[in-house]
Amino acid sequence: MFVKVCGLSTPESVREAVDAGADAVGFVLTASPRVVSPSQAAALLAGVPGEVTPIGVFRDEPVADAVAIARAAGLEWIQLHGQRSRTDVATVHDAGMKLVRAVTMGAAPEEFEDWGEDLLLIDAAVPGSGESWDYASVASLPVLQGRKWLLAGGLEPGNVSRASAAAHAWGVDVSSGVEASRGVKDLAKIRAFVEAAKAAATV
């Protein structure tokens, strides 16, 4: 099970995610309670070993702006939310970067198709709500067969095993589900989530 812990903003939270066995860590570089500056993200990268993938997260910024900000932070992976196009995917790759393209369960069917992104992230119909949803509905999407994709939205240590199994997820992504309060990570929850997600892959 591929596990990404997103919205990290302190060296301690990065260290906990890495030590727990996370495969990727996310730094939010767009308007959010979890936002960090490019310079802060660059400093946090010092705690990310080579085998863990650091990803810069953006929402509605033009792709060119996201690429420039990610470069300033020293990041090679970009995660794009919002309305996107196949041209956006190509632009990220032309810039020499890799892409996580985020879609919601309320998106048009064609948005779930393979646009050439490196990873697809499937979020709740209302992203950022922190509420669980019908994860099994993802399993019925035939376009996901054989692809690498992450399940997100409403996940936390207590439900990640059931949710990932119901969705037949390749990987999972968490942010608010491992927080003590909005934007503030709970180190114990980070470890519990990663351990539960990793254990789910062996059940």
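Which exposed residues are carried by the face of H4 turned away from its buried side? In this predicted model, that face of H4 carries the exposed residues Thr87 and Asp94.

The buried residues of H4 are Asp88, Val89 and Val92. Around the helix axis they cover an arc of only 100 degrees, which puts them on the same side of H4. Their packing partners are helix H3 (63-73), strand E4 (77-80) and strand E5. Just after H4, glycine 96 takes a positive phi of about 80 degrees.

Methionine 97 is found in the loop between helix H4 (86-94) and strand E5 (98-104). Is methionine 97 buried or exposed? With a relative accessible area of 5%, methionine 97 is buried, the cut-off for that class being under 20%. When its neighbours within four places in sequence are left aside, methionine 97 is in contact with Val67, Ala70, Arg71, Leu75, Glu76, Ile78 and Val92. Valine 67 stands 30 residues from methionine 97 in sequence, and the C-alpha atoms of the two are 8.0 Å apart in space.

## Helix H5 and the residue that follows

In helix H5 (residues 160-167), the residues Val160, Ala163, Ser164 and Ala167 are buried. Seen down the axis of H5, these buried residues fall within an arc of 95 degrees, so they line one face of the helix. The buried residues of H5 pack against strand E7 (149-151), strand E8 (171-174) and helix H6 (187-200).

H5 is followed by histidine 168, a residue found in the loop between H5 and E8. Although it is not a glycine, histidine 168 has a positive phi of about 60 degrees. Histidine 168 is exposed, with a relative accessible area of 60%.

Two packed helices are described by the angle between their axes and the distance between the axes.

| Pair | Angle between axes | Distance between axes |
|---|---|---|
| H5 and H6 | about 40 degrees | 8 Å |
| H1 and H6 | roughly 25 degrees | within 9 Å |

H5 and H6 pack at an angle of about 40 degrees, and that makes H5 oblique to H6. H5 passes H6 in a right-handed crossing. On the H5 side the contact is made by Val160, Ser161 and Ser164, and on the H6 side by Phe193, Ala196, Ala197 and Ala200. By class, the contact of H5 with H6 has five nonpolar, two polar and no charged residues.

The axes of helix H1 (residues 11-20) and H6 cross at roughly 25 degrees, which makes H1 roughly parallel to H6. H1 also passes H6 in a right-handed crossing. The residues that make this contact are Glu12, Ser13, Glu16, Ala17, Asp19 and Ala20 of H1, together with Leu187, Ile190, Arg191 and Val194 of H6. How do the residues of the contact of H1 with H6 divide into nonpolar, polar and charged, and how many are in each class? Five of the residues in the contact of H1 with H6 are nonpolar, one is polar and four are charged.

Alanine 20, found in helix H1, is buried, with a relative accessible area of 15%. Once its neighbours within four places in sequence are left aside, alanine 20 is in contact with Arg191 and Val194, and both of these residues are named on the H6 side of the contact of H1 with H6. Alanine 20 and valine 172 are 152 residues apart along the chain, with their C-alpha atoms separated by 15 Å.

Serine 32 lies in the loop between strand E2 (24-28) and helix H2 (38-44). Serine 32 is partly exposed, with a relative accessible area of 24%. Between the C-alpha atoms of serine 32 and alanine 95 the separation is 25 Å, and the two residues are 63 residues apart along the chain.

Technical notes
Residues are numbered from 1 along each chain as its sequence is written. This is a predicted model: local features need pLDDT of at least 70, side-chain atom pairs count only at pLDDT 80 or more; totals for chains, interfaces and linings use all residues. Side-chain values use heavy atoms; hydrogens and water are left out. Buried means under 20% relative accessible area, exposed over 50%, partly exposed in between (1.4 Å probe, protein chains only). Helices (H or I, at least four residues) and strands (E, at least two) are DSSP runs, numbered from the N terminus. The arc is that of the directions from the helix axis to the C-beta atoms. Contact means heavy atoms within 4.5 Å. Axes are lines fitted to C-alpha atoms, for helices over the stretch in contact, and angles run from 0 to 180 degrees between N-to-C directions. Angles under 35 degrees count as roughly parallel, over 145 as roughly antiparallel, 65 to 115 as roughly perpendicular and the rest as oblique. A crossing is left-handed if the near helix is turned anticlockwise from the far one by less than a right angle, and right-handed if clockwise. Ala, Val, Leu, Ile, Met, Phe, Trp, Tyr, Cys and Pro count as nonpolar, Asp, Glu, Lys and Arg as charged, and the others, Gly among them, as polar.
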